[in-house]
Amino acid sequence: MDYSILFDSALAVRLPIKPGLGSPQRASGAGAIAHGPRAFLAACILALALALWGNAGYARDRLPGDVERLKMIGFTVADIDRETAFYTKVLSFEKVSEFRVSGSEYDKMEGVFNANMRIVHLKLGEQVVELTQYVSPPTGRPIPIPSYSNDEWFEHMAIVVRDMDAAYKILQENNVQQISANPITIPESNPGAAGIKAVKFRDPEGHNLELIYFPAGKGDPTWQKPTSRLFLGIDHTAMTVHSTEKGVTFYQNLLGFDVGGVTFNTGVTQEVLDDLFNDTCLVTPMMPISPPPHIEFLDYKTPPGGRPMPVDTNANDLWHWQTTLVTKDIQAVAERLRKAGVQFITPGIVSIPEETQAELGFKKALMVRDPNGHAIRLIEE
C-alpha cells in the first residue's frame with residue numbers, strides 16, 4: 001500500500017520496495033520522466049532512491065530495544081488553552097488529560113533547566129498528540145516567519161479525514177491559515193495514488209498540519225474501516241531532512257524501522273501542496289512494527305535555500321517537536337545509540353516518579369536528536 005505518493009505524473013520516480021518486518025507490500029511501477037534539466041535531476045534522485053531500495057530489501061534480525069510503535073507526537077506551544085480549543089473544536093480531537101510536571105527528572109528528560117511544564121494529551125482515533133507549554137523557563141523562541149516546507153525545522157502531522165470537502169469546509173469556516181491554496185487531488189495518470197487528496201495548513205501558533213484523504217484501496221487499512229467520524233486519526237509525522245541516507249541508517253539500523261515506499265514528488269500538484277515553486281522532494285516513509293502512525297522524511301532537492309535546524313534548538317522553542325517511540329528495553333537501545341555517537345539531549349535514562357507515570361504514560365525516558373536534528377523521545381512503558 002502507498003502512504004505518501006503526492007506528485008504529478010509530469011515527473012515522478014517511484015520504486016518497488018521489498019517488504020521487511022512490519023512493512024506493507026509496495027506495488028511496483030514508475031512514472032514518466034520529463035526531458036531537460038528535470039530529467040537530469042530525476043536521474044540523480046533515481047540513483048539515490050535505488051540505494052534506498054537496497055536498504056529496504058535488507059531486513060536485519062530484531063535487536064533488544066528496537067522500537068515497537070510510535071506512541072505520540074508532541075510539540076511545544078505558547079498558549080495551551082488556545083491550542084487545545086483549536087484541536088478539539090475545529091479538528092475534533094478529544095482532550096484526555098491535563099497535568100503539570102516539574103523537577104530534576106523532567107529537566108533532564110527535556111534538556112531544559114528549571115522546567116515547569118503544563119501538558120495536555122489529545123486523542124484522535126487511536127493516536128495521541130502531546131501539547132507542552134513551559135511555565136518556567138518562559139516559552140522560548142517563536143517559529144520563524146516566514147517558514148517553508150524545505151526549512152529543516154519543518155515537521156507536520158497528517159490527519160486522516162473521511163471526506164476532504166467536508167473537512168476543508170470546516171477549515172474555511174474557522175479562517176484557518178493555509179499553506180496549500182486549496183486541497184490537491186492526485187490525478188488518474190498516477191494509478192498508484194490516484195484519488196488521494198491533501199491540503200496543508202497551520203494551527204493558531206504556526207505549527208504545520210496536513211489533512212489527507214485515502215480512497216478505497218489506498219493508505220493503511222485502518223483508514224478504510226466504516227465510521228461516521230469525519231476526522232479519523234493521524235497517519236504520520238513528516239520531517240524535513242538534509243540527509244535521507246543518514247536518517248535511514250539511524251532509524252533502520254539503530255531503532256529497527258523498515259523503509260517504506262520511496263517516492264520522488266514534483267510537479268504542479270506538489271508545488272501547490274507545499275507552496276514551493278519548482279518543488280522536488282524525495283519522500284521516504286520509515287515504518288515501525290505497528291503503524292499507524294509512521295515517520296516520513298521530506299528531502300527537498302529544489303528549490304534551494306532551505307534553512308538548517310538551529311544548532312541551539314531547545315525543547316521550549318516553539319518549533320520543537322518530539323516524536324515518542326516505545327521500546328521494551330530502553331537500556332539496550334541507549335547503549336546502541338551511544339556507541340553510534342548519537343547526540344543525547346537527556347544525559348542518561350530518566351526514571352519517571354511514580355506519581356506521574358500514569359499521566360505521562362511511561363516509566364523511563366531518554367531523548368536524543370536524530371542525524372537531521374529532530375528530537376526523538378524513547379520510552380519504556
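Is Glu98 buried, partly exposed or exposed, and at what relative accessibility? Glu98 counts as partly exposed because its relative accessibility is 36%; here buried means under 20% relative accessible area, exposed over 50%, and partly exposed in between, with a 1.4 Å probe and protein chains only.

A quick word on the background. This is a predicted model, in which local features need pLDDT of at least 70 and side-chain atom pairs count only at pLDDT 80 or more, while totals for chains, interfaces and linings use all residues. Residues are numbered from 1 along each chain as its sequence is written, and side-chain values use heavy atoms, with hydrogens and water left out.

**Salt bridges**

Glu98 has a partner to meet: Lys95, with which Glu98 forms a salt bridge. The term stands for a side-chain nitrogen of Lys or Arg within 4 Å of a carboxyl oxygen of Asp or Glu. Searching the whole structure turns up 16 salt bridges, including these:

| Pair | N to O distance |
|---|---|
| Glu98 and Lys95 | 2.5 Å |
| Arg377 and Glu130 | 2.9 Å |
| Arg82 and Glu205 | 3.2 Å |

Arg82 sits in helix α2 (residues 80–89) and Glu205 in the loop between β8 (197–202) and β9 (208–213), so their pairing ties together parts that are 123 residues apart in sequence. Helices (H or I, at least four residues) and strands (E, at least two) are DSSP runs, numbered from the N terminus. Arg82 counts as partly exposed, at 41% relative accessibility, whereas Glu205, at 11%, counts as buried.

Arg377 and Glu130 form a salt bridge that links distant parts of the chain, with Arg377 in strand β19 (residues 375–380) and Glu130 in strand β5 (residues 127–136), 247 residues apart. Both of these residues are buried. There is also a network of salt bridges that links Arg62, Asp66, Glu68 and Arg336.

**Nonpolar cores**

A nonpolar core is a set of buried Ala, Val, Leu, Ile, Met, Phe, Trp, Tyr and Cys residues joined through side-chain atoms within 4.5 Å. The largest one has 57 residues, and Met157 and Leu211 are among those with the most contacts inside it. Strand β2 (residues 67–77) supplies the largest share of this core, five residues. A second, separate core of 17 residues includes Val101 and Phe362.

**A loop glycine**

Gly306 lies in the loop between β14 (294–302) and β15 (321–327). Its C-alpha atom is 4.4 Å from that of Asp151, though the two are 155 residues apart along the chain.
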